[in-house]
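Visitor: Could you take me on a close look at one part of this model, and then show me how the rest is arranged around that part? I would enjoy a connected tour.

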Amino acid sequence: MTTIGLATERAASGIAKVYVDSWRSAYAGLLPKRVLVGMSYERQAREWSWVIRNRSETQPVIVAAESGSGVVGFVSFGKSRLTDWPAGGLYAGNSDTKGDEPDKIGEVFTLYVQPEWQDRGIGRRLMSASFAAMQERGFGRGFLDRKSTRLNSSHGYISYAVFC
């Protein structure tokens, strides 16, 4: 049974494994092999531990865990980086935003599911949990604007946006 909840530092090594394994699977043949082989579970565990410890208010991390398997997916989100991403500008100041202030627009920063756990609805559940958490934190809108391999294969290289 999959459980969804806020990450604690204890989950950092599981998050790191999902992150590295997902990159190695999704970008094999697209990125140089040395880049993928050079990715480190330990380095990623330190980075995600730091994010969970120091940025839990501004970049919460939600994990999907399976009993007996540990962390099988995760999502992180926060205030939209409107100036950094073209998609953010589509929602800021647009008449469709219903007066949302730019600091009330959330963005999904990362969404990864362990390759062998994909196509089971875990990513969808993580997205739902992140949008619910955005709403709890006062965001009026939220979006994901990524061109990941998984989204590309099913959505044809489009910016994928979802509103709260």
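Guide: Happy to! Let's start with a pair of helices in this predicted model. Helix α1 (residues 12-26) and helix α3 (residues 41-54) have axes that come within 8 Å and cross at roughly 125 degrees. That angle makes α1 oblique to α3, and the crossing is right-handed. On the α1 side, the contact is made by Ala12, Ser13, Ile15, Ala16, Lys17, Tyr19, Val20, Asp21 and Arg24. They meet Tyr41, Gln44, Ala45, Trp48, Ser49 and Ile52 of α3.

Five strands form an open sheet, in the order β1-β2-β3-β4-β5, with mixed pairing. Its edge strands are β1 and β5 (141-143), each of which pairs on one side only. On average, neighbouring strands here are turned by 25 degrees against each other, direction ignored.

Let's walk across the sheet strand by strand. Strand β1 (residues 2-6) runs antiparallel to β2, and five bridges join them; Thr2 stands opposite Glu66 in β2. Strand β2 (residues 61-66) has five of its six residues buried, so the rest of the structure largely encloses this strand. On to strand β3 (residues 70-79), which is antiparallel to β2 and joined to β2 by six bridges. Within that pairing, Val63 has Phe74 in β3 as its bridge partner. β2 and β3 form a hairpin with three residues between them, and in the turn Gly68 has a positive phi of about 85 degrees. Further along, strand β4 (residues 105-113) and β5 run parallel, joined by three bridges. There, Ile105 stands opposite Arg141 in β5.

This brings us back to the helix we began with. α1 packs on the sheet, touching β2, β3 and β4, and its direction makes about 90 degrees with that of β3. α5 packs on the sheet as well, touching β1, β2, β3, β4 and β5, and its direction makes about 155 degrees with that of β4.

Ser130 counts as buried because its relative accessibility is 0%. Leaving aside residues up to four places away in sequence, Ser130 touches Ile62, Val75, Phe77 and Val108.

How values were computed: Residues numbered from 1 in each chain as written. Predicted model: local features only at pLDDT ≥ 70, side-chain atom pairs only at ≥ 80, totals over all residues. Heavy atoms only, no water. Axes fitted to C-alpha atoms, helices over the stretch in contact; angles between N-to-C directions. Helix = DSSP H or I, 4+ residues; strand = E, 2+ residues; numbered from the N terminus. Parallel < 35°, antiparallel > 145°, perpendicular 65-115°, else oblique. Left-handed = near helix turned anticlockwise from the far one by under 90°. Contact = heavy atoms within 4.5 Å. Buried < 20%, exposed > 50% of the residue type's maximum accessible area, 1.4 Å probe, protein only. Pairing = 2+ DSSP bridges.
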